[in-house]
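Subject: Handover of a structure and notes on what was found

Dear colleague,

Please find the structure below, handed over for your attention. The notes that follow it set out what was found.

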Amino acid sequence: MTRTALFPWTSRGTALCGVLLLLTLQGIAVGVAPGRLRLFLSGVLIGASAAGLLLALLLARSGRGTARPAAPDEDDTQWFSARSLDGFPMEQVRPLLLSPGAPGLNRLYTAWVFATHGHDPQWIAHHLDLSTPTARLLVTAARHHTAPDRRPQ
């Protein structure tokens, strides 16, 4: 039986705990410092604490993912199967491939797979270094490809 953690430990969580531990240690340092150094030490540590708090807020904010989490019964090996590229919009992508500074076809294929698994254009553009319009084109095509058939019967 495989156990899945409810809250997996990530590098963001580690960094956030480190920042909070540093803030606690700074408070202790001010408490045990000699009286004449407390004012100076407090000023220095308040500045460091403000920077740490800003970092912690940025880490917490960046932790909000926009990608659809994988369902427990999804098999991760199926992301890159023989049918992964079914529906790939080659005709719409072809002009992009012929332009100067064009992304590689493999990067577009990878973006397509992410798009078919529910990632949004901003996430794809950021993580695969693609332009947002290119990522949006792939996501729109993926949504049309994976949408249930709604034609009247």
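The count of aromatic pairs comes to three, where rings of Phe, Tyr and Trp (its six-membered ring) pair if their centres lie within 6.5 Å, with planes under 30 degrees apart counted as stacked, over 60 as edge-to-face and the rest as tilted. One of them joins Phe88 and Tyr109, edge-to-face, at 5.0 Å centre to centre and 75 degrees between the planes. Because Phe88 lies in the loop between helix 2 (35-62) and helix 3 (90-98) and Tyr109 in helix 4 (residues 105-116), this pair ties together parts that are 21 residues apart in sequence. Helices here are DSSP runs (H or I, at least four residues), numbered from the N terminus.

Phe88 counts as buried at 13% relative accessibility, while Tyr109 is partly exposed at 23%. Buried means under 20% relative accessible area, exposed over 50%, and partly exposed in between (1.4 Å probe, protein chains only).

A further edge-to-face pair is formed by Phe114 and Trp123, with 5.1 Å centre to centre and 65 degrees between the planes. Phe114 is buried at 17%, and Trp123 is partly exposed at 21%. Ring pairs also link Phe88, Tyr109 and Trp112 into a cluster.

As to provenance, this is a predicted model, in which local features need pLDDT of at least 70 and side-chain atom pairs count only at pLDDT 80 or more, whereas totals for chains, interfaces and linings use all residues. Residues are numbered from 1 along each chain as its sequence is written, and side-chain values use heavy atoms, with hydrogens and water left out.

Apart from neighbours within four places in sequence, Leu138 is in contact (heavy atoms within 4.5 Å) with Phe88, Pro89, Val93, Leu108, Ala111, Trp112 and Ala115.

Elsewhere, Ala60 lies in helix 2 and is partly exposed, with a relative accessible area of 43%. The C-alpha atoms of Ala60 and Leu16 are separated by 7.8 Å, although these residues are 44 apart along the chain. Leu21, in helix 1 (residues 11-32), is exposed at 51% relative accessible area.

Yours sincerely

Terms used: Helix = DSSP H or I, 4+ residues; strand = E, 2+ residues; numbered from the N terminus.
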